[in-house]
Amino acid sequence: MNLTLRIWRQSGPEDKGRMVTYQVDDVSPDMSFLEMLDVLNERLILAGEEPVAFDHDCREGICGMCGMMINGVAHGPQRGTTTCQLHMRQFSDGDTIDIEPWRAQAFPVIKDLVVNRSAFDKIIAAGGYITAPTGSAPEAHSVPVAKANADAAFEAAACIGCGACVAACPNGSGMLFTAAKVTQLSLLPQGQPERYTRVIGMVEAHDEAGFGGCTNAGECTVACPKGIPLNTIGRLNRDYLKATTKQADNTPGS
Amino acid sequence: MDLYIEGDPIADTKAPDGPIETRWERRRFEAKLVNPANRRKMTVIVVGTGLAGGSAAATLAEQGYKVKSYCYQDSPRRAHSIAAQGGINAAKNYRNDGDSVHRLFYDTVKGGDFRSRESNVHRLAEVSVNIIDQCVAQGVPFAREYGGLLDTRSFGGAQVQRTFYARGQTGQQLLLGAYQALERQVGLGNVEMNARHEMLELIVVDGRARGIVVRDLVTGEITTEFADAVVLASGGYGNVFYLSTNAKGCNVTATWRAHRKGAYFANPCFTQIHPTCIPVSGDHQSKLTLMSESLRNDGRVWVPKAKGDDRAPRDIPEDERDYYLERIYPSFGNLVPRDIASRAAKAVCDQGRGVGPGGLGVYLDFADAISRLGRKAIEAKYGNLFEMYERITGEDPYEVPMRIYPAVHYTMGGLWVDYDLQSTIPGLFVIGEANFSDHGANRLGASALMQGLADGYFVLPNTIANYLAAGPFEKLDASHPAAVEARRDVEDRIQRLLAVNGDRTVDSFHRELGQIMWDHCGMERSEAGLRKAIDEIRALRDQFWQRVRVLGDGDGLNQSLEKAGRVADFFELAELMCIDALHREESCGGHFRAEHQTEDGEAQRDDENFSYVAAWEFTGTGKPSVLHKEDLKFEYVHPTQRSYK
């Protein structure tokens, strides 16, 4: 396959950035999208031009490090697939492909296709955990968990933190990411004691980090490579409402 | 010139004696403690945020130490532990199927082909049960039965069902548990997290590890960081082969730099080739993808009986298929340990019976399991793996058998550590895959997650106190001569890499190095091959320093520069791996020497001469390394030829 790539090049945070056109020939349909970019980069280096910077690591769809807008779609055309797992057989000979970084206020561009997603870590640090210092755990079987709840918690826990939800959202909201963690932990008995402080802390950190508000556009769940369902946001909203009501009541405990 | 020199044996591993089940308790009791008020005055640097590093950093911070944590990824949640699929072993015996701490200990020593330290392995088996408790308390969503209790499954090398799992994403879920505990400590101000930072040198002052030199990968800034102790949890070195199941960024630099500063490197030739990976599809291949070993629970491995049979797999009748693992190893069948399954796959492919492009593949067939259990049950167990397979190959494994081939996956070798997980440099601790580990010459499936978390949650946080009890140590700053020198070394090296401006890319060298290693230091090794490899590695390394091209500068994000530094260290490691493989004139676990095999092609150990850990001391670039032997004593599990037949 022969392809025309139009790639966002930006030398650093201060640079304005621009789309640059490249030709890549002899692309095999068995290549992954990132392997196709590797081929381009090898050629650029030999031609004396700086390679395109992009984030990637595991290349098997689980670390969440890769991510780019491909023809305006987060992670490209194949549903439920990260950029690294996208293969060139999804494209046709002669295609022109636009490649851009995630664009969101909370994810500033570092260079080319690389963005800063540390705002996600801040949301987790603000409550996305169960407090269980090492050594303090009871015997694992002392607390049974209904299989349905365990399975639903797992489904939410599958989030890889790639940021596609934010990139796809017209508001640049990180609500699906936040809601996935809130949902996982609030479905488990171990997560109950901190259930309401958690959701308040995480939503506050989300808003402070510059993410937009959620207006239920639903683009996030479509872009999510792990299929995190939209109803997690419903769960978050319910917990948040309860939590803020409790706060107003100033009633400690349940 | 000799390839190596033999030095003094290692006299003391600090492992306590006495009955094995009392050793860990005794060590903890005899170790010195640090009182909570003093912990606040001490800092520990932890490099790497995978299962071992993440859990250690979180636990040390919970105990009251100040922690500085580093990772090269953009978030600690992305460390490569996240990609582990199948599960984590623990001797809970929830199945009532005869499991116990002693059996897990026994299976691990045997699975490691009698090249691990009994005391360590027993401790690992003991704390395995605490790990499951800890992870459940953190909200790790393990698979459960309808009654609400935890489910377990079988894994290679064991006849009990002791593997806990979270669908095919066990590593991800365990890592997120550790990551969340770590982020909690970040939020509380007890951990200073430095993502997108790479350790490039160790700082040793008065014989103690006191700090590291790091490069901020975004700004290019190089700084010296100090602490009372340094913990390396930087993972394994499988990427020396270029193609492996490791993440692209995985590297040996942190441990190799420590090795150059005096930490012994143990058993570098013990590498694990995983039997079930998706075969290479072409020259563009940048990494290999593992299909979890758990698939061998339900999938049957076969090749056609006839050479060169290129019919579609479904057109090959049952009696013209060779289910070779079931045939050769009737009692373990498809669940033989990894080293054995990998070598068997190579053997049938060498016979010309391999399938797929280039004949480098065997079938992993789920047709029987689907007809027995139904497609739904298979989907529930392995759905995500099947989807991943289809995305990569374009083939639907529900309809046609998977094609698999072995690939480099894990490295049992690593920095030598004593029972306290301390290296030969006082104050430098090494945990997880980065140390030479409890897996001997071959790691059993679902034991890496166990070891990473055992080291990080339970072992290191106890043993490091014994060292820190002598602290806090003298305060240091960037002007200390040792720090100035370490920093200058890093800067010089970066300038050297940028200055070559040759005509070949870093990746082209890495690929070529990987091919040499795969051909001569991979699944099967021979004296002639290893000698050839050593010559080729040396020649290629010279070429690298004359011809590599790294564009840009060191003052900002420069991914080529990062890669170049890592590949330069891989060159040095590769040579030591080959020397280690050459000197070990026996076959054991993942190390198979063609000269040392039984009549039916199984590994032939030589316990009389090689029942030791080979710990290598660096003596200078271009100078032969010094070999120090740590004798292994087996009081509880008596070495026999491993049999899975």
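Select B:E599 first: this residue is exposed, because 6 other C-beta atoms lie within 10 Å. B:E599 is found in the loop between α16 and α17 (607-610) of chain B. Helices (H or I, at least four residues) and strands (E, at least two) are DSSP runs, numbered from the N terminus.

What is on screen is a predicted model, in which local features need pLDDT of at least 70 and side-chain atom pairs count only at pLDDT 80 or more, while totals for chains, interfaces and linings use all residues. Residues are numbered from 1 along each chain as its sequence is written, and chains are lettered from A and ligands numbered from 1 in the order in which they are written.

**Chain B as a whole**

Select chain B. Its C-alpha atoms fill a box of roughly 75 × 60 × 50 Å, taken along the principal axes. Chain B has 17 helices and 21 strands. Of the 645 residues of chain B, 61% count as buried.

Two residues are in contact if their C-beta atoms, placed from the backbone, lie within 7 Å. Among contacts in chain B between residues at least 6 apart in sequence, 75% join residues at least 24 apart.

**The domains of chain B**

Colour chain B by domain: domain 1 is 13-270 + 410-468, domain 2 is 274-409 and domain 3 is 481-615. These bounds come from an automatic or database domain assignment. The C-alpha centres of domain 2 and domain 3 of chain B lie 30 Å apart. Where do these two domains touch? Six residues of domain 2 of chain B are in contact with six residues of domain 3 of chain B. On the domain 2 side, helix α9 (residues 338-350) of chain B gives the largest share, five residues. That side consists of two nonpolar, one polar and three charged residues. Here Ala, Val, Leu, Ile, Met, Phe, Trp, Tyr, Cys and Pro count as nonpolar, Asp, Glu, Lys and Arg as charged, and the others, Gly among them, as polar.

**An annotated residue**

Stay on helix α9 of chain B and select B:R338, which is found there. Is B:R338 buried or exposed? B:R338 is buried, because 26 other C-beta atoms lie within 10 Å. Leaving out residues up to four places away in sequence, B:R338 touches B:G156, B:Q272, B:H274, B:P275, B:E293, B:N442 and B:G445. An unreviewed UniProt entry gives B:R338 the annotation "active site". UniProt positions are given in the numbering used here, feature names are shortened, and annotations may be inferred rather than shown by experiment.

**The nonpolar core**

Next, select B:V231, B:L232, B:L415 and B:C578, which touch the most other members of the largest nonpolar core, a set of 285 residues. A nonpolar core is a set of buried Ala, Val, Leu, Ile, Met, Phe, Trp, Tyr and Cys residues joined through C-beta atoms within 7 Å. Zoom in on B:L232: beyond its neighbours within four places in sequence, its contacts include B:V47, B:A254, B:L415 and B:V430.

**Where chain B meets chain A**

Show both chains: 63 residues of chain B are in contact with 66 residues of chain A. The largest share of the chain B side, nine residues, comes from α6(B). By class, the chain B side has 22 nonpolar, 26 polar and 15 charged residues.

**Chain A**

Finally, select chain A, which has eight helices and seven strands. Its C-alpha atoms fill a box of roughly 65 × 40 × 35 Å along the principal axes. Of the 254 residues of chain A, 52% count as buried. Chain A is assigned domain 1 (3-111) and domain 2 (117-249). The C-alpha centres of domain 1 and domain 2 of chain A are separated by 29 Å. In chain A, 17 residues of domain 1 are in contact with 18 residues of domain 2.

Technical notes: A residue is buried if 20 or more other C-beta atoms lie within 10 Å of its own, exposed if 12 or fewer, and partly exposed in between; C-beta atoms are placed from the backbone.
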